Amino acid sequence: MYLHPCIKLGMKEKRKGYPSDVSDEEWSFCVNYLTLMKEKAPQREYPLRQVFDALRYLIRVGGAWRMLPNDLPPWNVVYQQTQRWIKAGCFEAMAHDLRAILRVALERKADPSAVILDSRTVQSTPESGARAGFDGHKKRKGSKVHIAVDTLGHLLALHVTAADQQDRAQVERLAAEVQRITEKNVELAYVDQGYTGEAAAEAANKHGIQLQVIKHTEAKRGFVLLPRRWVVERSFAWAARFRRLARDYERLSDTLAGFHYFAFAWIMLAKIFTLLNES
């Protein structure tokens, strides 16, 4: 296998960095979650940090795997390592710990007592078309990303379905995951009118969560800022800044979910070090 001269193990890094590259401080935190085998293991041909930088480049800039710049590790190396990280739950674990650290830094309890549930329909592509469904409300074919965020907008739980699946049908799965992560600390979930009905309320109550539906107080005309509901909309806007997440380019739903955890971990990591530098 050909190795790029500038990134062979044991050689000094020569390439010019990209804005998406991880900083030294950030890497000192991330490496503990990403090291699935020893850095000097004989089967490792590329530095783990270079592989991580290549993934950050792909998620932030978008584009095809095979179009990674030549000064980054080969696309197949990055892809294979990314799948290992996703299957091991590395990005999910990182996001959960970063959320707790950030909440404590902002003088809040590590685990929230209230969450916000919502979904986002992501337009399908030929790669993801096999599992795509048609969202009649959004008039869009693709996948739905169902998420639960805390009141700061940071990701707690996530589930991917075809776009034709109802939001209320995913309440029980999200509620169960939220309570598992927070050790049954959540008591209240804010939702929109897509979660109305006894079935959704009972599914949430089964896990000790009360659904509170935030309704429009008047006929919707243009953009209306709803109490609590705007937080999750902002979270979706954060995710949309990562161009790989602008559409569903993934064949596997687990990959799409993993990339969302990756993106939110990136967001929270930047926030934490910004707070540290300001203090």
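Glu25, Glu26, Phe29 and Cys30 in H1 meet Leu269, Ala270, Phe273 and Asn277 in H8, where contact means heavy atoms within 4.5 Å. This is a predicted model, in which local features need pLDDT of at least 70 and side-chain atom pairs count only at pLDDT 80 or more, while totals for chains, interfaces and linings use all residues. Residues are numbered from 1 along each chain as its sequence is written, and side-chain values use heavy atoms, leaving out hydrogens and water.

**H1 and H8**
- The contact of H1 with H8 has five nonpolar, one polar and two charged residues.
- The axes of H1 (residues 24–34) and H8 come within 11 Å and cross at roughly 125 degrees.
- That angle makes H1 oblique to H8 (65 to 115 degrees counts as roughly perpendicular, under 35 as roughly parallel, over 145 as roughly antiparallel, and the rest as oblique).

**H2 and H8**
- H2 (residues 48–61) and H8 (residues 253–278) have axes that come within 11 Å and cross at roughly 100 degrees.
- H2 is therefore roughly perpendicular to H8.
- On the H2 side, the contact is made by Phe52, Leu55, Arg56, Ile59 and Arg60, and on the H8 side by Phe259, Phe262 and Trp266.

**H3 and its surroundings**
- Buried residues of H3 (residues 75–87) include Val77, Trp85 and Ile86, with buried meaning under 20% relative accessible area (1.4 Å probe, protein chains only).
- The buried residues of H3 pack against H1, H2, H4 (90–105) and H8.
- Just after H3, glycine 89 takes a positive phi of about 70 degrees.

Note on methods: Axes fitted to C-alpha atoms, helices over the stretch in contact; angles between N-to-C directions. Helix = DSSP H or I, 4+ residues; strand = E, 2+ residues; numbered from the N terminus. Nonpolar A, V, L, I, M, F, W, Y, C, P; charged D, E, K, R; others polar. Expected span 1.5 Å × (residues − 1). Buried < 20%, exposed > 50% of the residue type's maximum accessible area, 1.4 Å probe, protein only.
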